[in-house]
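Me: I'm new to reading protein models. Could you walk me through a few features, one at a time?

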Amino acid sequence: MASTRRLSSTLEMTSTKQPASRRGSERRLPDRRGSGYSSGQSRRPSIDPSRLIPMDKTTHVGGTNDFNVVFIGAGNIMFGSDEGPWNHSFRFEHKLGLRLKVVALIDPAIERATAVLQKKCDSFVVSAYQATRVFKTLEDFVKNMSAKDRPRAIVVGSPPMFRGTLQPGRDIEMQILKYFPGVAIFMEKPIATGPKHELEESFQIAKAISDSKAICSVGYMLRYLKAVQKMKQIIEENELTVMVTIARYACAYESIAKPDWWDKSKSAGPVIEQGTHFCDLSRYFGGEVDIASVTAHSLDWDENAGHLSKVRIDESKIAPENRIPRVTAATWKYDSGAVGSFIHTATLQGHNYSCELEVHADGYSLKLVNPYVQPMLYVRRPGDDHEQMYTFPDDDPFFSEVSNWIDIIEDIEEDPEAAQILSSYEDACRTYELTWAIREASERSRAARLAASKVAATVFEEEGETE
């Protein structure tokens, strides 16, 4: 019999308290900083969901001194677009208020950077941008920087193919550590989209960031959802052991008109570039993955079931071997013994995506639905076959991740449990490693399937010739 869902009272924020003082005391908890390197076990920090304050209810960080920031990348993730809720500059403006001073905007596309900067200067946040200078490279900024321009934080929103490695021109993390040792870093995800053999370089960068003691956070913002933190709270309060994670990410392919997204040689494929969020959430709840256990299968463009009728780009211009799969389905074992599964599909039309994550433990089912638009959490507990539904109005995980990061930079420790960095660089490397393992497993499966078909065809031809 199908279960019914019972509507629970909406989960509202119970506290709008913001620490006002900034003390110069020694930071006590290295996990708050997001710079630790574990060489093995990744941390699974969490935040009481009631402490995740919406942007319109928080107050600006106290103080009168300027807070200098460098933005690297002048694209949509930094300044917003109609395609989604991302817009880091908007969150920084609300968090820091008049203290925010963007001392430099780094982007090789000078014309685009100048245009977005002008829009800011024509708005009510002009004080943050009126002295901003545009540079093609970080090195150019360093050569022209005065002492008063030295940043307290650097936000990296450039495309992932230009970071996460030790290769010249794709080593922005190492450049930051060279020119600004100890300065806080916020890095967009995924950390890279380069070839698999460069993965080890990403782990070397993680180690370098850890050694530098820089406060580093990677933008896996779904970890900061109040719904996700409610799930963590239920697991921790009931001392549950996760048994299985089940993740599904169905994108609306019709709305994706960026040619690079459809080309694995440029975007690394949809699991690495897009599904990374749900692979990361799976790890957040399931723990470390036994990478050798990852298996996967794909439905590809040249199979009967793989035809798409509303692709907005010309796929014939992409080499056949670089065209993306329509479906990728993967399973794996966690080090704990639990099982994980993930499926990514490019099947929906229109604009809205369909994404869900289920986490199961003995007697419990926690199901996160629609996390990008209007997160809902369905919880089934022992002794009740009905699901209790939680809603989370006005939640903004983009703001929460930025707010927590800045609180740690400012050394706000009135309540050290209030601010936590939930994704370190090393943790992000492990998510990147998992997504690559899924892609490679699916490609091995496809290669084996094609080889078997070729052998079968050859045998069939030989048998026909002998008749």
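Reply: Happy to! This is a predicted model. Let's begin with burial: the buried residues of helix α12 are Thr276, His277, Phe278, Cys279, Asp280, Leu281, Ser282, Arg283, Tyr284, Phe285 and Gly286.

Me: How many of the residues of α12 are buried?

Reply: The count is 11 of its 11 residues, and α12 is described as mostly covered.

Me: At what angle do α9 and α12 pack?

Reply: Helix α9 (residues 226-237) and helix α12 (residues 276-286) meet at an angle of about 20°, and their axes are 11 Å apart. Angles under 35 degrees count as roughly parallel, so α9 and α12 are roughly parallel to each other. Their crossing is right-handed.

Me: Which residues make the contact?

Reply: From α9 they are Val228, Gln229, Met231, Lys232 and Ile235, and from α12 they are Leu281, Tyr284 and Phe285. Sorted by class, this contact of α9 with α12 has 6 nonpolar, 1 polar and 1 charged residues. As for spacing, an α-helix has 3.6 residues a turn, so residues three or four places apart point the same way.

Me: How many disulfides are there?

Reply: The count comes to 0 disulfides. A disulfide needs a pair of cysteine sulfur atoms within 2.5 Å. Take Cys216: the closest cysteine sulfur, in Cys429, is 9.4 Å from its own sulfur, too far for a bond.

Me: Is Cys216 buried or exposed?

Reply: Cys216 is buried, with a relative accessible area of 0%, whereas Cys121 is partly exposed, at 24%.

Note on methods. Residues are numbered from 1 along each chain as its sequence is written. This is a predicted model: local features need pLDDT of at least 70, side-chain atom pairs count only at pLDDT 80 or more; totals for chains, interfaces and linings use all residues. Side-chain values use heavy atoms; hydrogens and water are left out. Buried means under 20% relative accessible area, exposed over 50%, partly exposed in between (1.4 Å probe, protein chains only). Axes are lines fitted to C-alpha atoms, for helices over the stretch in contact, and angles run from 0 to 180 degrees between N-to-C directions. Helices (H or I, at least four residues) and strands (E, at least two) are DSSP runs, numbered from the N terminus. Angles under 35 degrees count as roughly parallel, over 145 as roughly antiparallel, 65 to 115 as roughly perpendicular and the rest as oblique. A crossing is left-handed if the near helix is turned anticlockwise from the far one by less than a right angle, and right-handed if clockwise. Contact means heavy atoms within 4.5 Å. Ala, Val, Leu, Ile, Met, Phe, Trp, Tyr, Cys and Pro count as nonpolar, Asp, Glu, Lys and Arg as charged, and the others, Gly among them, as polar.
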